Amino acid sequence: MKRLLLLLDSMMYFDRQVLQGIKAKLDETKLKVSLHLESGTALDELTQESWDYIIADYDKRQFRRIVRTCEAKTLVYSNHYRHDFAGEMSSVVVDNTALANAALRRFIEARPTCVSFFANEQDAQQPWGQERKAAFEKLISGTELAYAEDIFAAIKARQFPVGVYCSSDRAARKLAQYCAHHCIEVPGEVSIIGTDCDDTERLISPLPLSSVDLNPYELGRFCVDTLIKMIRFKRRLRLTYSPTRFFEAATTIHHEKTDDLVSQAELFIQNNFHSNIKIKQVTDHCRISRKTLDSRFLIIHGITAHQYLTKIRLKRAKYLLRHTKDTLDSVAHQCGYPGQSYLTQVFSKEVGLSPSKFRQQFLSDAVT
């Protein structure tokens, strides 16, 4: 069996989500490999072994050294554009312009007096943080929105309302804490959008954070897709991963009814529906009873939490049936169902058509 070496830091939430996406996609494909994960120890020994494929986080210096010395078909991913991809390795790069544009679209809808960008000290030193700032400023220049270079100066001058796009949820949380400490109303005076949809940062933020979702799980799946194409076409690929999903919570103004607890449950469901989760895991995550969760969902959405989970899964199933040639078993697993028969049962009940007939109908409509 072919050997696939994964070089990523499994101690980090982002990398763990990438790993889950890689494993899920591999389980659905015909690429049969034995997986080997290395996070940072015994790296020198890796160069002495033989590898068929490598997927690596190229933003980590210790991994860059390994992929440059190992003879294997290699795919690397990065959170920003780079000029040091070596040899014949393929690459997947996060499109930071797409992230910035998703935040900007939300601000354009809200029409603040001005907008700004904020990165905490750590993010500001990272290339991806600098790239997100440059992308946001360039996009702003093509609009009629005023731009405040220094968000804290804008707050002191009370240039309200102001919309702030943050380099990460960590930066967004720090800005939310600053506003809370200085009695600045969020989102009435300062609207805040982060990047990552990071559960940990949301947990310690004074308000649930609105955020553009990087969706590292889908990044992992995208990396496997790219590796398969690289093997099939026998050539190097340079691709971008463009996440645009925006998750709205308490730090941006919206006119629909909101509930912080429901927002927390929604984010958990959005990030984990593909993993065959049950509502018990949602209630455990939110530390709330099933009865209370359902009553809050009924107020906001008019449906129970379980019905909301089913809605999200079927939305994904419909997309896959329309836009991919994946088998029904593969579609089922990507949507968090144990197999084709269970998907067919739920899909037929809710949609009124079997998944196969739904796909056939879509294809016939497309032809006509």
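This is a short exchange on side-chain packing in a predicted model.

Mentor: Local features need pLDDT of at least 70 and side-chain atom pairs 80 or more, while totals for chains, interfaces and linings use all residues. Residues are numbered from 1 along each chain as its sequence is written, and side-chain values use heavy atoms, without hydrogens or water.

Trainee: Why is the pair F136 and Y165 called tilted?

Mentor: Rings of Phe, Tyr and Trp (its six-membered ring) pair if their centres lie within 6.5 Å; planes under 30 degrees apart are stacked, over 60 edge-to-face, the rest tilted. By this rule there are 11 aromatic pairs. F136 and Y165 have centres 5.4 Å apart and planes at 50°, so the pair is tilted.

Trainee: What makes F152 and Y178 edge-to-face?

Mentor: Their planes stand at 75°, with 4.8 Å centre to centre. The cut-off for edge-to-face is over 60 degrees.

Trainee: How do you know whether F136 is buried or exposed?

Mentor: Buried means under 20% relative accessible area, exposed over 50%, partly exposed in between (1.4 Å probe, protein chains only). F136 has 0%, so F136 is buried. Y165 is also at 0%, hence buried. F152 has 25%, so F152 is partly exposed.

Trainee: What makes R3 sit over the ring of W51?

Mentor: NZ of Lys or CZ of Arg must be within 6 Å of the ring centre and within 35 degrees of the ring normal. The charged end of R3 is 4.1 Å from the centre of the W51 ring. R313 lies over the face of Y337, at 5.4 Å from the ring centre.
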